[in-house]
Amino acid sequence: MSLPILPTISTTFIVLSAITVAIGWWQIKQRKIETHQKTMTLAGVFALTFFIIYLSRTIFIGNTSFGGPDSLKIYYTVFLIFHITLATVGAVFGLMSLWTGYKKNLKRHRKLGPITSIIWFFTAVTGVAVYLLLYVFYEGGETTSTIRAILGY
């Protein structure tokens with residue numbers, strides 16, 4: 001099996017982002033504030049790296065449509081839309097969490113951080129599932145525009 005290089009690299013970065021968020025969560029529970037800030041910054045860099053790779057691939061190459069059985073296509077599409085929505089919400093919450101942390105708005109940061117982390121973990125897990133469905137469990141479909149790839153036509 002030959003895995004596509006850009007999706008594999010971008011998925012690796014989102015997994016690294018989730019791992020560093022988990023480490024950062026543990027660090028703040030240990031009251032290691034400076035280390036927490038550095039780790040969460042690194043998590044943000046990993047997430048941004050994922051996004052740059054994903055966006056570049058989307059713009060210059062396109063997205064891969066689901067190549068699995070037609071009977072699963074609707075379930076994949078609903079799952080993908082859930083993942084995209086979760087990722088968008090997670091990105092907004094992530095930016096807000098980083099911003100409130102850097103601005104020392106700790107009351108708001110303490111409320112946002114745990115919610116953001118949970119959303120981000122689910123985003124990473126569903127992102128890996130999308131990757132597995134597109135490239136590992138089934139052979140990817142055609143590479144096409146984003147809308148066509150999502151909706152499968």
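Two remarks on conventions come before the structure itself. Residues are numbered from 1 along each chain as its sequence is written, and side-chain values use heavy atoms, with hydrogens and water left out. Because the model is predicted, local features need pLDDT of at least 70 and side-chain atom pairs count only at pLDDT 80 or more, while totals for chains, interfaces and linings use all residues.

I begin with the overall layout. The chain contains five helices and two strands, where helices (H or I, at least four residues) and strands (E, at least two) are DSSP runs numbered from the N terminus. In sequence order the pattern reads α-α-β-α-α-β-α. The C-alpha trace spans about 50 × 25 × 25 Å along its principal axes. Of the 153 residues, 35% count as buried; here buried means under 20% relative accessible area, exposed means over 50%, and partly exposed lies in between, with a 1.4 Å probe and protein chains only.

I turn now to the helix pairs. How do helix H1 and helix H2 pack? Helix H1, residues 5-29, and helix H2, residues 33-60, pack at an angle of about 160° with their axes 8 Å apart. The axes are lines fitted to C-alpha atoms, for helices over the stretch in contact, and the angles run from 0 to 180 degrees between N-to-C directions. H1 and H2 are therefore roughly antiparallel, on a scale where angles under 35 degrees count as roughly parallel, over 145 as roughly antiparallel, 65 to 115 as roughly perpendicular and the rest as oblique. The crossing of H1 and H2 is left-handed, a term used if the near helix is turned anticlockwise from the far one by less than a right angle, with clockwise being right-handed. The residues of the contact of H1 with H2 divide into 18 nonpolar, nine polar and one charged. In this classification Ala, Val, Leu, Ile, Met, Phe, Trp, Tyr, Cys and Pro are nonpolar, Asp, Glu, Lys and Arg are charged, and the others, Gly among them, are polar.

The pair H3 and H4 packs at about 145°, with axes 8 Å apart, and its crossing is left-handed. The residues of the contact of H3 with H4 comprise 19 nonpolar, twelve polar and one charged. For H1 and H4, the axes come within 10 Å and cross at roughly 155°, which makes H1 roughly antiparallel to H4. H1 passes H4 in a left-handed crossing.

Which residues make up the largest nonpolar core? Phe66, Tyr76, Leu80, Val130, Tyr131, Leu134, Tyr135 and Ile150 do, eight residues in all. Such a core is a set of buried Ala, Val, Leu, Ile, Met, Phe, Trp, Tyr and Cys residues joined through side-chain atoms within 4.5 Å. H3 and helix H4 (106-136) are the elements that give two or more residues to this core, and H4 supplies the largest share, four residues. As background, nonpolar side chains tend to be buried together in soluble globular proteins.

A search of the whole structure finds one salt bridge, defined as a side-chain nitrogen of Lys or Arg within 4 Å of a carboxyl oxygen of Asp or Glu. The side chains of Lys73 and Asp70 form this contact, at 3.5 Å from N to O. Both residues lie in helix H3 (residues 70-102), three residues apart, about one turn of the helix. Lys73 counts as partly exposed at 22% relative accessibility, whereas Asp70, at 63%, counts as exposed.

Most residues other than glycine have a negative phi. Arg31, in the loop between H1 and H2, has a positive phi near 65°. Lys104, in the loop between H3 and H4, also has a positive phi, near 60°. Arg31 is exposed, with a relative accessible area of 57%, and Lys104 is exposed at 56%.

Finally, the segment before H1 holds Pro4, which counts as partly exposed at 23% relative accessibility. Pro4 and Ala87 are 83 residues apart in sequence and 22 Å apart in space, C-alpha to C-alpha.
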